[in-house]
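Good morning, colleagues. Please look at the structure on the screen while I take you through the sheet, the cores and the aromatic pairs.

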Amino acid sequence: MYVVDFMKLSEQSSKELGLRLESIFMRVHDAQLSKRYDCVWDCCCDHGYLGTKMLLHKLHGQFLFVDQVPHITDRLLSRLGELDVDNYQVITADAGELNFISDKNHLVIIAGVTGTNVQTIIEDILTNNSAVAIDFMVCATRGNFEVRSYLQAKGFYLLDEILVTEKKRHYEIIHVTVLKEAGRELSDVGEMWDLQNPDHLHYLQGRIRHFERESQGEARNDDGVHQNAKRALLSYQSLMDGFLGKGSQ
Ligand SMILES: C[S@@+](CC[C@H](N)C(=O)[O-])C[C@H]1O[C@@H](n2cnc3c(N)ncnc32)[C@H](O)[C@@H]1O
């Protein structure tokens, strides 16, 4: 009876991971082969499919599921209770209010929320845990230029970045660390581009159109948005010019 339930849950869990969450899973999987993190926090976990797959695949570490909505965490807690694992915790809280133990290595995953939300959560976590070095893996639904600018300003370094396209929507997955020696400079537009890949080309052209509109349209009345859009537009255009220049040589 137990085995049947476990298999059903296992099948459901892997079946329901789209490419976006699967790509995050693979990155954590690879990091945990070398036991990089003691604690992996699936913040904004909602259904918890990502963390559930990590548990089912017996990745190294303690897995902490966090969501601010009680009925979501209640349901998740009862689903996880059916698994033969105990290296997890389910926490009902605003992710920004979390406290991190300083002698552990932490990875905080924030996926499926806006870039503004990502920044707010990271800002609150950093404020409340100033003595702890925390790595982040973020995948915002939008606002990646602003997220990158924020991470740069906070002194993060890049471990890995990738563009994932799922159901015709594009997502950047950005993995950063505060440890300079472990990472490299984080670019404001990313350095993972392959313009032979139609998804990459489509995404970058879309970014340019978006920031052209923002720098020319009503956003001009909001100086902050306007300046940001102009800066973003310049960065994306110079990225594209660099590629076109390279191509014509
Ligand atoms: C769209 S789901 C994302 C689920 C999953 N991470 C994914 O990428 O598919 C967003 C979830 O984030 C939760 N959430 C949003 N802001 C939060 C915060 N500050 N702290 C904790 N949970 C938050 C919401 O309750 C919701 O369940």
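In this predicted model, Cys39 stands opposite Gln62 in strand β2. Strand β2 covers residues 62-67 and runs parallel to β1, with five bridges joining the two. Both belong to an open sheet of seven strands, ordered β3-β2-β1-β4-β5-β7-β6, in which the pairing is mixed. At the edges are β3 and β6, each of which pairs on one side only. From one strand to the next, the twist averages 15°.

Two helices deserve mention against this sheet. Helix α3, residues 49-56, lies across β1, β2, β3 and β4, and its direction is at about 165° to β2. Helix α5, residues 115-128, lies across β4 and β5, at about 170° to β5.

As a general matter, nonpolar side chains in soluble globular proteins tend to be buried together. Here the largest core has 31 residues, and those with the most contacts inside it are Ile24, Val28, Met54, Phe65 and Ile109. Helix α2, residues 19-33, gives the most to this core, namely five residues. A second, separate core has 30 residues, including Val118, Ile122, Ile125 and Phe136.

What is Phe65 in contact with, leaving aside its neighbours within four places in sequence? Among its partners are Asp42, Cys45, Leu55, Leu76, Leu80, Tyr88 and Val90.

Next, the aromatic rings. The search of the whole structure finds seven aromatic pairs. The ring centres of Trp41 and Phe100 are 4.5 Å apart with the planes at 55°, so this pair is tilted. Trp41 is in strand β1, whereas Phe100 is in the loop between β3 and β4, 59 residues apart, and the pair thus links distant parts of the chain. Trp41 and Phe100 are both buried.

For Phe136 and Phe156, the centres are 5.6 Å apart and the planes stand at 85°; the pair is therefore edge-to-face. Because Phe136 lies in strand β5 and Phe156 in the loop between α6 and β6, this pair ties together parts that are 20 residues apart in sequence. Phe136 and Phe156 are both buried.

Arg20 lies over the face of Tyr171, 5.3 Å from the ring centre. The charged end of Lys53 sits over the ring of Phe25, at 4.8 Å from its centre. Thank you for your attention.

Key: Residues numbered from 1 in each chain as written. Predicted model: local features only at pLDDT ≥ 70, side-chain atom pairs only at ≥ 80, totals over all residues. Heavy atoms only, no water. Phe/Tyr/Trp six-rings, centres within 6.5 Å; stacked < 30°, edge-to-face > 60°. Helix = DSSP H or I, 4+ residues; strand = E, 2+ residues; numbered from the N terminus. Buried < 20%, exposed > 50% of the residue type's maximum accessible area, 1.4 Å probe, protein only. Lys NZ or Arg CZ within 6 Å of the ring centre and 35° of its normal. Core = buried A, V, L, I, M, F, W, Y, C linked by side-chain atoms within 4.5 Å. Contact = heavy atoms within 4.5 Å. Pairing = 2+ DSSP bridges. Axes fitted to C-alpha atoms, helices over the stretch in contact; angles between N-to-C directions.
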